[in-house]
Amino acid sequence: MFRKLNLTGVFIFCLSFLFFANSSIDQDSILDKGYCLLEKVRANPYQNYDANIAKLKEAIAYFEQTEEWEMYIDAMNDLSASYYYKGDMENASDNASFAYKEAKKYLHKKNQKFINAAYNRATFLDIQGCHDDAIIVIDELLEIEAKLVPKVLWSIALNYNFLGISYRNIGDYNSAIDNFKQSIDLMTDTLGANNIQLAPLWSDLAKAYKLSGQDEKAIEAYQHCAAVVAKNEIKEDDRFLQQNILYCHQDMAKIYLERNQLDSTSYFIHKALKLQKKYKGFIEAYKSYELLGKIYFKQKKYQKAIRYLKKAQLILTNENEGIKKDANQSRILREIATIQLVQKEYDGALDSYQKALQSLSMDFEDNDIYTYPPKQKTFNKREVANVFAGKANAFFEYYKHTNELSYLEEAYKNYVLASEIIPLVREDYQADESKYQLAKEMHSVYENGIKLAALLFDESENKDYLHQAFRFSEESKGILLQEKLQENKLKGQHILPDKLLKQDRQLRAKINYYEEELYKVKSTAAQNELAPILRTLKSNLRIFNQKIEKDYPIYTTLKNANYIRSVSTIQNSLNDRTALIKYFIGEKDISIFCITNEEFEVFQEANSKELKAELEQLKVILANHSGEPEEYEKYHKVAYHLYNEFLEVPISCLGEAVNRLILIPDGQLHHIPFEALLVKPPRGNKDGYYSNKNLHYLLEDFSISYGYSASLKLLAEKQKKQDNIKPFLGIAPNENLNAEAEVRTITKRFKGDVLINEEATLATVLKKIEDYFIVHFHTHAKKNTVNPNLNQIELFDSLLLSNRLEQSHLGAALAFIATCESADGKNIEGEGVMSLARSFFLAGCPSIVASLWEVENDYAKKITQDFYEHLANGKTKDEALRQAKLEYLKDGDRFHPSFWAPFILVGNAESLDIPKRSSFFSDWLFMLFGSLLILGVIVIRIRK
């Protein structure tokens with residue numbers, strides 16, 4: 001159900017624009033009767049809706065009879081707007097759709113009335129949640145308007161703004177920000193930097209920055225909005241600008257409130273309230289009182305806070321025509337419950353949370369705090385998850401106050417319920433950015449769920465709680481990676497028709513092409529030409545995927561299937577020499593899960609600021625080593641302390657037989673090679689600190705591999721076995737690296753091929769890498785911490801970007817990326833590091849050797865060659881890499897881990913069963929034996 005309170009100011013803007021943009025219509029070109037009817041409506045559009053609707057219907061009939069098609073379409077647009085202001089969304093949308101169809105029939109696409117009808121149609125598509133369809137309509141409009149002479153820049157600017165809103169609604173914040181910027185630039189060029197029409201555009205850009213987590217840029221954009229407003233006088237009848245200035249003040253207040261800057265929060269809220277007092281009838285006016293309640297809560301004026309929050313509830317109910325079933329009601333009730341908890345009013349808080357659940361289900365009215373609505377009958381699943389999390393916290397606080405175990409159990413139950421809702425929320429999102437944002441928002445659910453499960457285990461010694469704690473940790477890790485892997489797997493199982501799979505490949509290939517072209521070009525004109533094409537292609541892909549999910553429910557079910565593996569399943573995959581250690585880093589606690597084939601233990605410790613600082617310090621020391629003695633001292637101290645914090649306790653619980661570790665890092669631990677941690681403090685005097693003989697690295701005790709999650713580790717363990725696949729491909733496109741000798745040396749151990757210098761083109765590499773068991777890149781690479789799709793490997797003629805790599809279908813069981821930073825990249829909470837190594841894994845390669853920082857070629861060369869030597873001799877991949885590093889430490893001349901520790905193994909660690917190149921001696925013996933055999937056959941025949 002769509003109602004006025006649920007519609008943002010931008011939609012008012014769109015529809016108000018349709019009312020007033022046509023005020024310059026030539027009065028002489030139309031009949032007086034129809035014109036007068038329209039003028040009467042436009043003179044008072046926000047009142048007497050039924051009378052306006054009747055007048056517009058009369059005008060429409062008149063214009064149709066006289067074939068005044070421009071005015072016919074114009075009046076239809078106004079009719080949809082009147083229905084909208086009345087709150088009749090069904091008729092508003094139907095009339096907008098019909099007007100657009102009629103405009104296609106009677107008007108040229110370059111006609112301004114057609115453009116208005118298309119814009120109106122897109123507006124209602126966006127209101128109804130059909131954001132991709134709306135984007136397609138607006139992209140078509142932009143193509144039309146680009147051909148108009150002269151171009152109406154302010155109209156084009158509004159279309160870019162509209163695109164920004166649609167992309168923001170689907171969670172594609174990067175595209176939203178780009179379009180808002182384009183809109184602001186065009187409007188500034190057309191109307192000047194201080195025109196009042198720029199205020200809402202700056203406000204929309206600020207919201208996109210806020211949603212993407214860029215608070216500083218959001219504040220800067222809001223300040224631009226405020227500056228424009230300060231230089232203009234808002235007209236009494238300009239409802240759109242009044243509404244948007246209200247939004248601007250409310251949003252600024254919200255940002256400053258989150259930063260705990262209460263004076264600034266109060267300043268903007270009181271400006272909003274002053275505006276509401278001057279101009280009546282705002283929508284979402286309740287938000288000002290909601291924010292005022294939050295200010296009083298921060299000031300510990302709890303009664304005032306609750307009073308203003310309840311006032312916000314009342315205003316919201318009135319805006320919603322008396323209906324209390326609304327996600328905004330739920331949010332305010334959660335805020336009231338939070339205040340009640342601070343006041344130790346536990347029953348009151350739980351009652352508020354129960355009312356919040358009632359507001360999220362149309363037919364759930366149960367006041368019993370121990371009952372819950374069925375998941376399938378709730379709406380706004382994201383808010384439902386937040387209510388469960390809040391209710392869990394209320395029960396937990398009650399437990400701490402009473403020490404009553406049943407409250408702890410109920411708190412734990414609510415975190416389980418919240419974790420079950422989150423996957424349903426994720427299914428509704430198409431854009432990766434919105435899924436990342438969801439993971440970040442819900443991270444505390446898993447953190448607190450783990451904490452409570454551990455407490456219940458302490459109370460009951462029931463290991464089921466520890467198993468659920470592990471499940472919480474898995475559900476928070478690498479979910480999007482698993483979804484994409486599952487999607488790729490299903491597309492290879494003939495569940496979908498070949499025709500659809502071909503369409504999918506073609507669409508993705510076009511997206512990759514234009515994304516790469518947009519990355520390459522520098523001029524604004526070229527970017528403006530390519531960006532709309534890329535937007536349209538991405539919209540087409542989203543719509544295509546939505547249609548597939550609707551038409552092929554089996555595919556959708558399998559795609560969204562829960563992949564989380566149990567502790568017992570993981571234990572069954574481990575031998576008695578291997579342990580899996582998984583980390584979950586929360587805001588307050590660090591949880592460490594240690595699994596062997598027989599034991600399962602969970603350890604917890606506080607996540608302190610000092611620990612975070614040490615992790616960052618170690619990363620800097622390793623990646624930026626200069627060889628100065630004082631750096632060794634810093635390294636020794638931090639490396640030993642971090643071993644004590646993260647590994648000493650779980651390792652002490654392992655049996656003597658365990659000599660292999662599978663590590664699942666989290667947070668900043670992704671950037672640390674555990675092999676370089678010190679098991680013991682340096683021995684000897686201070687001078688001995690710089691001698692490798694006095695250090696005991698973890699590397700000396702264990703071979704180590706890394707994974708994205710414990711469940712994905714099982715997927716990686718399924719080593720590829722394919723027929724007719726070649727053993728080795730060495731790729732060395734940069735002659736300045738002297739890489740040819742290295743890759744040719746490797747081919748002495750494995751039968752294989754090389755692509756050297758000009759042979760290593762993008763087209764050739766993409767074709768070849770699907771046909772080899774081992775692929776080895778020796779070239780330059782670069783991570784992109786802004787857009788991980790653009791992580792890059794340098795080839796002879798071009799760049800191999802992550803987006804293109806992820807669409808490949810690698811036959812390789814091992815990829816060695818002997819480049820800089822191939823295991824590093826943007827770290828996304830809940831998803832992990834978005835690195836080149838991850839792209840290879842997503843492309844189907846289960847094992848990757850990659851580097852965490854810049855590699856010096858002379859030192860990397862020895863480790864690389866020794867790794868392949870041990871691999872060829874049948875050692876497991878983790879042990880081959882370990883031995884290569886140990887031999888470097890024994891024979892090398894630079895002992896600091898900066899030189900030998902950057903390469904890590906991600907994924908499958910088992911040995912490779914591939915044919916080795918036979919030696920010259922064995923080849924000679926084979927030829928001699930064959931010759932003698934042939935000679936013998938000839939002699940026998942002669943004797944006969």
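In which helix does Q243 lie? Q243 lies in helix α12 (residues 239-258), where helices (H or I, at least four residues) and strands (E, at least two) are DSSP runs numbered from the N terminus. At 3% relative accessibility, Q243 counts as buried, a class that means under 20% relative accessible area, with exposed being over 50% and partly exposed in between (1.4 Å probe, protein chains only). Between Q243 and G281, which are 38 residues apart in sequence, the C-alpha to C-alpha distance is 9.5 Å.

The model is predicted, so that local features need pLDDT of at least 70 and side-chain atom pairs count only at pLDDT 80 or more, while totals for chains, interfaces and linings use all residues. Residues are numbered from 1 along each chain as its sequence is written, and side-chain values use heavy atoms, with hydrogens and water left out.

The pLDDT, which is the predictor's confidence in each residue from 0 to 100, averages 84 for the protein chain, and 90% of the residues score at least 70. Over residues 1-10 the pLDDT is below 50, and this stretch has 34 contacts in the model beyond near neighbours in sequence, a contact being heavy atoms within 4.5 Å.

With a salt bridge defined as a side-chain nitrogen of Lys or Arg within 4 Å of a carboxyl oxygen of Asp or Glu, the count comes to 44 salt bridges.

| Salt bridge | N to O distance |
|---|---|
| E290 and R331 | 2.8 Å |
| R331 and E335 | 3.9 Å |
| E441 and R382 | 2.7 Å |

E441 is partly exposed, with a relative accessible area of 32%, whereas R382 is buried at 19%. R331 and E335 are four residues apart in helix α16 and therefore separated by about one helical turn; E335 counts as buried at 13% relative accessibility.

Seven of the seven residues of strand β2 (residues 589-595) are buried, so this strand is largely enclosed by the rest of the structure. Two strands pair if DSSP finds at least two bridges between them: six bridges join β2 to the antiparallel strand β1 (residues 578-585), and β2 pairs with strand β3 (residues 600-606) in the antiparallel sense over seven bridges. I592 of β2 has Y583 as a bridge partner, and F603 in β3 is also a bridge partner of I592.
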